[in-house]
Amino acid sequence: MFAADNREFLAGQHDEPDYAMAARGAAQLLADLGVSFRSLPYYFRIDAAAHAGLVRATHVLARAQDKLLRSLAATLSAEQLVAMFEVPPDMAPHIDWTDVASTGLRMLRADIIPTEEGYYFCELNHFSGVGAGEGHHSAHAFAELLGRPVAGVSPFRQLAHLYATECRRTGRTRVVVLDTPQHRAQGFGECLMLQRYLRLMAPDLDTSYHDEDTYPADWLRPGQARQTLVHRIVTHDDTPDGGAFLVRLRDSGVEVSTMFEAELKMHRRWLSLLCDPGYQHLLDAEERATIKQCVPHTYDLDPGTVDAAVADKDRLVFKRSYTYGGKGVLVGDQHSPEQLRTLLTADGSAWVAQRRVYTS
């Protein structure tokens, strides 16, 4: 298992004479990329077969989610879907409900916890700006500074290849990494590694970084817009205008990596739907087995379940709607029953309860 495979491996890293230098270097790389988050001063290894199994499980869970969304989109109205997934009022009118269940190209990050019992998926984040790619480069730099080999291809290389291929297919000549001042202030950086890979792999493409204030107005004209592919790194919640600028880009002819349809798949309720017995008949045997094995049991909180959840709080984690980055997460044993009940019922937001699993 993951812990057993890494205990001696990590101890050996820490005992290296160059450990302090490597840790500083890995942190410096992130600082140079404008990322304020710091990775652990180690790098980990995972058994190749286990890694392949997690890759497969990610595909299977995403496939199961697509099946549920297709079923929901076929049986519920747009208004019912808006209510079910608490779609913000200023986002709902901009969703293409006829296209919401299509699969197409997918970018996602699975958040996976290694435990003594196995690996558990606690979230699936569908978005073009899911982050964590810089962590790959920080770990790679740490290993290299120790003089150790490390496997793996940069996720930004993969993404640059995807965008370069798409630009060749559609005749586009420009890639823009699109941010907002609010999001930039959170310390995620400017996707510099993606920009570097694009310039190395496709130097003929004009690659740049902008927000809604610096985006050249001339690029919104139809002829220019049709030359542009936008890599969107901000969620609807991080836009200052309720997504209006993104809609303006899309309507001008710009190709945007993900629009608001993808954000529906980031709602915390999806894992509870995957675990819901009422939807199991829509899934095949592999999908049901993967959910049972890899997803901590998750269910919706409502007036009929909140009492039992509060009583069982020490074994649960509570998560709210679209929040990310650790926001909107309550660990049950860190709150009294009275505090927890108040937090879960204060503003009418949708919460899910998920069985707590412990990292090994």
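A residue is called buried when its relative accessible area is under 20%. Thr228, at 0% relative accessibility, therefore counts as buried. The model is predicted.

- Thr228 is part of strand β5, which runs over residues 228–232.
- The side chain of Thr228 has a polar contact of 2.7 Å with the side chain of Arg174, and it also reaches the backbone oxygen of Gln224 at 3.1 Å.
- Arg172 sits in the loop between α6 (155–170) and β3.
- Arg172 has a relative accessibility of 14%, so this residue counts as buried.
- From Arg172, the side chain reaches the backbone oxygen of Ala225 at 3.4 Å.
- With residues up to four places away in sequence not counted, the contacts of Arg172 include Leu205, Ala225, Arg226, Gln227, Thr228 and Leu229. Gly253, Val254 and Glu255 are also among them.

**Cavities**

- Rolling a probe the size of a water molecule over the atoms shows where empty space is left.
- Three cavities of 30 Å³ or more are counted in the model.
- The largest cavity has a volume of about 120 Å³.
- Its lining consists of 15 residues, and those nearest the centre of the largest cavity are Glu123, Leu124, His267, Arg268 and Leu271.
- Two or more residues of this lining come from each of β2 (118–126), α12 (269–275) and β10 (351–355). The most are given by β2, with four residues.
- By residue type, the lining of the largest cavity holds six nonpolar, five polar and four charged residues.
- The second largest cavity has a volume of about 70 Å³.
- Lining the second largest cavity are Leu178, Asp179, Thr180, Glu212, Val234, Thr239, Pro240, Asp241, Phe245 and Leu246.
- At least two residues of the second largest cavity's lining come from each of β3 (174–179) and α10 (244–252).
- The lining of the second largest cavity comprises five nonpolar, two polar and three charged residues.

**Helix α3**

- Helix α3 covers residues 48–75; at 1.5 Å a residue its 28 residues should span 40 Å, and the end C-alpha atoms are 41 Å apart, so the two values agree.
- The N-terminal end of α3 is capped by Asp47, with a side-chain oxygen 3.0 Å from the backbone nitrogen of Ala49.
- Buried residues of α3 include Leu54, Ala57, Thr58, Val60, Leu61 and Ala62. Also among them are Ala64, Gln65, Asp66, Leu68, Leu69 and Leu72.
- These buried residues pack against α4 (78–84), β1 (108–115), β2, α12 and α13 (285–294).
- Val55 belongs to α3 and is partly exposed, with a relative accessible area of 39%.
- The C-alpha atoms of Val55 and Ala285 are separated by 18 Å, while the two residues are 230 residues apart along the chain.

**Helix α5**

- Helix α5 covers residues 133–145; at 1.5 Å a residue its 13 residues should span 18 Å, and the end C-alpha atoms are 19 Å apart, which agrees.
- Gly133, Glu134, His137, Ser138, Ala141, Phe142 and Ala143 are buried in α5.
- The cover over the buried residues of α5 includes α1 (2–14), α2 (19–32), α6 and α8 (192–201).

- Most residues other than glycine have a negative phi.
- Glu86 is not a glycine, yet its phi is positive, at about 45 degrees.
- Glu86 is placed in the loop between α4 and β1, and its relative accessibility of 27% makes this residue partly exposed.
- Cys191, also not a glycine, has a positive phi of about 50 degrees.
- Cys191 is placed in the loop between α7 (181–184) and α8, and is buried, with a relative accessible area of 11%.

Definitions and conventions. Residues are numbered from 1 along each chain as its sequence is written. This is a predicted model: local features need pLDDT of at least 70, side-chain atom pairs count only at pLDDT 80 or more; totals for chains, interfaces and linings use all residues. Side-chain values use heavy atoms; hydrogens and water are left out. On a 1 Å grid over the protein atoms alone, a cavity is a set of points where a 1.4 Å probe fits but cannot get out, and a pocket is an open set with protein on both sides within 12 Å along at least five of seven lines; lining residues have an atom within 4 Å of a point. Grid points are joined across faces, edges and corners, and a volume is the space filled by probe spheres set on the points. Ala, Val, Leu, Ile, Met, Phe, Trp, Tyr, Cys and Pro count as nonpolar, Asp, Glu, Lys and Arg as charged, and the others, Gly among them, as polar. The expected span of a helix is 1.5 Å times one less than its number of residues. Buried means under 20% relative accessible area, exposed over 50%, partly exposed in between (1.4 Å probe, protein chains only). Contact means heavy atoms within 4.5 Å. A polar contact is a pair of N or O atoms within 3.5 Å; within protein, one must be able to donate a hydrogen and the other to accept it, and residues adjacent in sequence count only if both atoms are side-chain atoms.
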